[in-house]
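Please keep the sequence and the model at hand while reading.

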Amino acid sequence: MPRWLPRAMVLALALIAAFQLGSWAFHQLTALLINILIAFFLALAIEPAVSRMAAGGMRRGLATFLVFLGLTVIAAGFVTLLGSMLAGQIIKMIEGFPDYLDSLINWINHTFHTELRRVDVQEGLLHSDWLRKYAQNSAAGVLDVSAQVLGGLFRMLTIGLFSFYFAADGPRLRRALCSVLPPARQAEVLRAWEIAVDKTGGYLYSRGLMALISGVAHYILLESLGVPYAPVLGVWVGLVSQFIPTIGTYLAGALPMLIAFAVNPWYAVWVLVFVVVYQQFENYMLQPKLTAKTVDIHPAVAFGSVIAGTALLGAVGALIAIPAVATLQAFLGAYVKRYAVTDDPRVHGHRSRGRGRPGGPGTLTRVRRLWSGLSGRSGRSGRSDGQDRP
């Protein structure tokens, strides 16, 4: 046996064990790493506001606390309003359930000539195996729902603490990161950090402004139609339509359409028309002006980044995909060498009519020339045959 073989075997086994241990640790810490990533982007988003308040003489810790307090109040108010709206609709549906049941039974009796009664239907539902199994499953699922709620609260607390530390100790974190890098790399890291702050903050602020405009516009429509809970629905449409890219407007418009349909079916049609028209106005007029200086990326790139982010990290990836791609695009733009584009018609989408040079004969012209040549050749052949014939 060669002397190096036992040492190589031990080294290979050690590398395999280290890889397995690292893979196991990564899978165990995936949730924590995703929370830290969310917290980092949230800290980048609030960094401009915190830095502006700190530049005015306020301590960064206090400035970060005030920003988080404002965000918490806004989120709690939105959840409270939306919860009250849903609770009111559920109570209204429960109170009107006997009338709905009576109308349904009358329609069945009139259509199929039956003699159903509401008392018999209610007794059949109360004594059915389906209702008993549903109640048992619901009782068993209460613990699962409670565990999910507690897990969600713990996750929100973790993200909030990490984002607070990232924002409050941002200069210290940058100093600690730059202390292990050479001066040339320090400048690149600080530049990338600044770009990330600008792009992420600009993306969220521009989206927030468009959410405000969208919410006010839809509120005015719903209020003019007399749809209940118009303020809450306006806030819902504004937030969902802006923070779920591309299809968020149509998803957000489903809830107002449903409630408007309960009032009057034609109101739902008006809401649908307004949602479609406002989406076009936002895509072609409002969004280019608001995001030209913040997140200037192509819509196809934005849509593809959202799909890729969703495939990698789910809903979290969909939210942070656009600012991440915008940051990467702005950072790489400084290192990509660009040249002046030649004045060629093909650059503007005009196809060349020649085979190798612009301005030459097109395909149709070449076909006509070929056909005329073949016709002339066949004519000459016919004449020659006629002359030889006696």
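A residue is called buried when its relative accessible area is under 20%, exposed when it is over 50%, and partly exposed in between, with a 1.4 Å probe and protein chains only. By that rule His218 is buried, because its relative accessible area is 3%.

The model is a predicted one, in which local features need pLDDT of at least 70 and side-chain atom pairs count only at pLDDT 80 or more, while totals for chains, interfaces and linings use all residues. Residues are numbered from 1 along each chain as its sequence is written, and side-chain values use heavy atoms, with hydrogens and water left out.

**Overall make-up**

The secondary structure consists of 15 helices and zero strands, where helices (H or I, at least four residues) and strands (E, at least two) are DSSP runs numbered from the N terminus. Of the 390 residues in the protein, 26% are buried. The protein exposes about 27200 Å², and carbon and sulfur atoms supply 69% of that area; accessible areas come from the Shrake-Rupley method with a 1.4 Å probe, and for residues only the protein chains shown count as cover. If contact is taken to mean heavy atoms within 4.5 Å, then among the contacts with a separation of 6 or more, 62% are between residues 24 or more positions apart.

**The cavity and its lining**

A cavity is defined here on a 1 Å grid over the protein atoms alone, as a set of points where a 1.4 Å probe fits but cannot get out, and its lining residues have an atom within 4 Å of a point. Grid points are joined across faces, edges and corners, and the volume is the space filled by probe spheres set on the points. The search of the whole structure finds one cavity of 30 Å³ or more, and the largest cavity has a volume of about 50 Å³. Its lining is made up of Phe40, Ala43, Leu44, Glu47, Phe166, Gly170, Arg174 and Trp193. Two elements, helix H2 (30-55) and helix H7 (170-178), each give two or more residues to this lining, and H2 supplies the largest share, with four residues. By class, the lining has five nonpolar, one polar and two charged residues; Ala, Val, Leu, Ile, Met, Phe, Trp, Tyr, Cys and Pro count as nonpolar, Asp, Glu, Lys and Arg as charged, and the others, Gly among them, as polar.

Ala43, one of the lining residues, lies in helix H2 and counts as buried because its relative accessibility is 4%. Once its neighbours within four places in sequence are left aside, Ala43 is in contact with Ser163, Phe166 and Ala167.

**Salt bridges**

How many salt bridges does a search of the whole structure find? There are two, where a salt bridge is a side-chain nitrogen of Lys or Arg within 4 Å of a carboxyl oxygen of Asp or Glu. In one, the side chains of Arg60 and Glu47 meet at 3.2 Å, N to O. This pair links distant parts of the chain, with Arg60 in helix H3 (residues 60-95) and Glu47 in helix H2, 13 residues apart. Both Arg60 and Glu47 are buried, and Glu47 also belongs to the cavity lining.

In the other, the closest N and O atoms of Glu188 and Arg185 are 3.2 Å apart. Glu188 and Arg185 both lie in helix H8 (residues 183-225), three residues apart, about one turn of the helix. Glu188 counts as partly exposed because its relative accessibility is 29%, and Arg185 is partly exposed because its relative accessible area is 48%.

**Neighbourhoods beyond the local sequence**

His218 is found in helix H8; apart from neighbours within four places in sequence, His218 is in contact with Val237, Phe274, Val275 and Tyr278. Glu282 lies in helix H12 (residues 265-291) and counts as buried because its relative accessibility is 3%. Val235, by contrast, has its place in helix H9 (residues 230-243) and is partly exposed because its relative accessible area is 35%.

| Pair | Separation in sequence | C-alpha to C-alpha |
|---|---|---|
| Ala43 and Phe162 | 119 residues | 8.5 Å |
| Glu282 and Ser214 | 68 residues | 8.7 Å |
| Val235 and Ser214 | 21 residues | 8.4 Å |

Technical notes
1 Å grid on protein atoms, 1.4 Å probe; cavity = no way out; pocket = protein on both sides within 12 Å on 5 of 7 lines; lining within 4 Å.
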